[in-house]
Amino acid sequence: MDDGADRAIRLINVTKRYPGQRTPAVDDVTLTIPGGEIVVLLGPSGSGKTTMMRLINRLIEPTSGRIIVAGRDALGLDPTELRRHIGYVIQNAGLFPHMTVATNVGLVPQMLKWDKRRVAGRVDELLDLVGMDPATFRDRYPRELSGGQQQRVGVARALAADPPVMLMDEPFGAVDPITREHLQDSLLGLQEELGKTIVFVTHDIDEALKLGDRIAILDQGSRVAQYATPLEILLEPADAYVEQFIGGGQTMRLLQFSRVADVPLQQVPEAAPDDDAAAVLERIQAGRPAFGIVLDEARRPVRWIHPEDLGGVTGPIGTRGMDTATPIRARSTLQQALERLILIEHDWVPVVGPRGAYQGTVTLGTLQQAIKEMKARSRDRRTADGS
Ligand SMILES: Nc1ncnc2c1ncn2[C@@H]1O[C@H](COP(=O)(O)OP(=O)(O)OP(=O)(O)O)[C@@H](O)[C@H]1O
């Protein structure tokens with residue numbers, strides 16, 4: 001069974017002291033990055049994040065300590081061999097300006113002496129994967145691309161030899177906020193498909209919360225102030241340093257990255273257009289507030305239905321009721337649910353899962369309750385720990 005252990009990265013008592021520097025850039029750091037996860041290194045300027053990345057792919061050597069990549073001692077491997085197992089993406093993509101997109105993306109396969117046709121096939125496949133049409137983009141030069149497109153090409157290049165490990169050093173730091181969101185979403189989509197071990201460096205707490213399966217919050221010398229899931233960091237910051245990093249707005253952040261799928265949804269009576277009006281009326285009258293949802297034969301939400309829609313009606317309910325408007329997906333964040341609730345006329349939104357099938361309903365009350373419970377659980381845990 002693959003539990004990710006063979007793709008993990010381990011830093012064991014790693015120290016890096018640059019020549020002539022009084023304090024080490026990385027000071028006795030021990031950290032395990034589990035295989036198949038996105039681990040975000042979050043820390044202020046100068047905390048040694050880039051140094052850690054460069055140590056992992058052996059662009060620089062540690063002063064002391066051990067680094068294990070995918071089960072092998074990185075220091076015992078030939079650096080070129082090691083870098084074949086590690087994709088590296090940096091800010092501004094680091095594309096070679098005098099090479100076309102195709103040449104940039106195909107660099108590593110070419111180095112590995114793949115034949116021309118295989119390289120070309122792989123380049124097109126990768127451009128597709130990062131959402132760029134190969135026919136449009138393969139012969140362009142980096143200067144003929146937007147910043148976001150350059151980043152996508154940078155990601156494609158890093159994925160070229162299908163490395164199990166990806167190091168991403170502020171890859172989206174230099175693009176506008178909207179492009180940045182798109183790039184983050186497409187990274188999450190890619191990761192769902194590829195399951196790489198990804199180390200991702202950022203200054204931005206929101207980016208860290210959105211992307212990280214775990215986040216390592218670093219202080220000077222890469223001291224690990226806290227290493228935990230986004231939820232744990234928000235609910236139980238380890239110390240004042242971490243608290244200051246999270247800043248205010250803890251509740252907004254909980255809404256921002258918690259998913260609708262993770263909270264208990266309200267269940268309301270369900271009906272089909274063929275159901276008998278009197279029977280449906282009886283079922284929905286019992287609820288508080290009294291309403292139900294009409295689903296089509298694929299369980300997709302169609303209409304909300306209230307007692308006043310059904311008074312005196314005989315036979316099937318047919319098209320009575322009010323359109324549900326667009327449902328939200330279970331994968332949406334609570335913040336997206338809140339935004340939808342504020343924008344629409346009624347106070348509830350249907351939630352759908354795969355193939356648009358109805359799963360439950362979200363209301364302002366659902367959101368309020370979910371946040372209260374998250375906070376209470378964390379308080380209880382802290383009390384139980386005696387901390
Ligand atoms: N080649 C070098 N020679 C000497 N000192 C260096 C070198 N590279 C980095 N440093 C120092 O090591 C420390 C950590 O630098 P590093 O670039 O790893 O930090 P960082 O967390 O990535 O910062 P930023 O977020 O600003 O990129 C800094 O104090 C920096 O000045």
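**Figure 1. Contacts of I56 in the predicted model.** Leaving aside residues up to four places away in sequence, I56 touches I9, I67, V69, L167 and V199, where contact means that the C-beta atoms of two residues, placed from the backbone, lie within 7 Å. This is a predicted model, in which local features need pLDDT of at least 70 and side-chain atom pairs count only at pLDDT 80 or more, while totals for chains, interfaces and linings use all residues. Residues are numbered from 1 along each chain as its sequence is written.

**Figure 2. The nonpolar cores.** The largest nonpolar core holds 65 residues, and V40, L42, I56, L167 and V199 are those with the most contacts inside it. Such a core is a set of buried Ala, Val, Leu, Ile, Met, Phe, Trp, Tyr and Cys residues joined through C-beta atoms within 7 Å, and a residue counts as buried if 20 or more other C-beta atoms, placed from the backbone, lie within 10 Å of its own. Strand β3 (residues 38-42) gives the most to this core, with five residues. A second, separate core of 25 residues includes A271, L310, L334 and A337.

**Figure 3. The six-stranded open sheet.** Six strands, in the order β6-β7-β8-β3-β9-β10, form an open sheet with mixed pairing, and its edge strands, β6 (86-90) and β10 (224-228), each pair on one side only. Two strands are taken to pair if DSSP finds at least two bridges between them; strands (E, at least two residues) and helices (H or I, at least four) are DSSP runs numbered from the N terminus. Neighbouring strands of this sheet are turned by 15° against each other on average, direction ignored.

**Figure 4. Strands β7 and β8 with helix α7.** Strand β7 (residues 165-169) and strand β8 (residues 197-202) run parallel and are joined by five bridges, with M166 standing opposite I198 in β8. Helix α7 (residues 147-158) packs on the sheet, where it touches β6 and β7, and its direction makes about 165° with that of β6; axes are lines fitted to C-alpha atoms, for helices over the stretch in contact, and angles run from 0 to 180 degrees between N-to-C directions.

**Figure 5. Residues around the ligand.** The shell consists of Y18, Q21, A25, G43, S45, G46, S47, G48, K49, T50 and T51, each with its C-beta atom, placed from the backbone, within 6 Å of the ligand. These residues divide into two nonpolar, eight polar and one charged, with Ala, Val, Leu, Ile, Met, Phe, Trp, Tyr, Cys and Pro counted as nonpolar, Asp, Glu, Lys and Arg as charged, and the others, Gly among them, as polar.

Key: A residue is buried if 20 or more other C-beta atoms lie within 10 Å of its own, exposed if 12 or fewer, and partly exposed in between; C-beta atoms are placed from the backbone.
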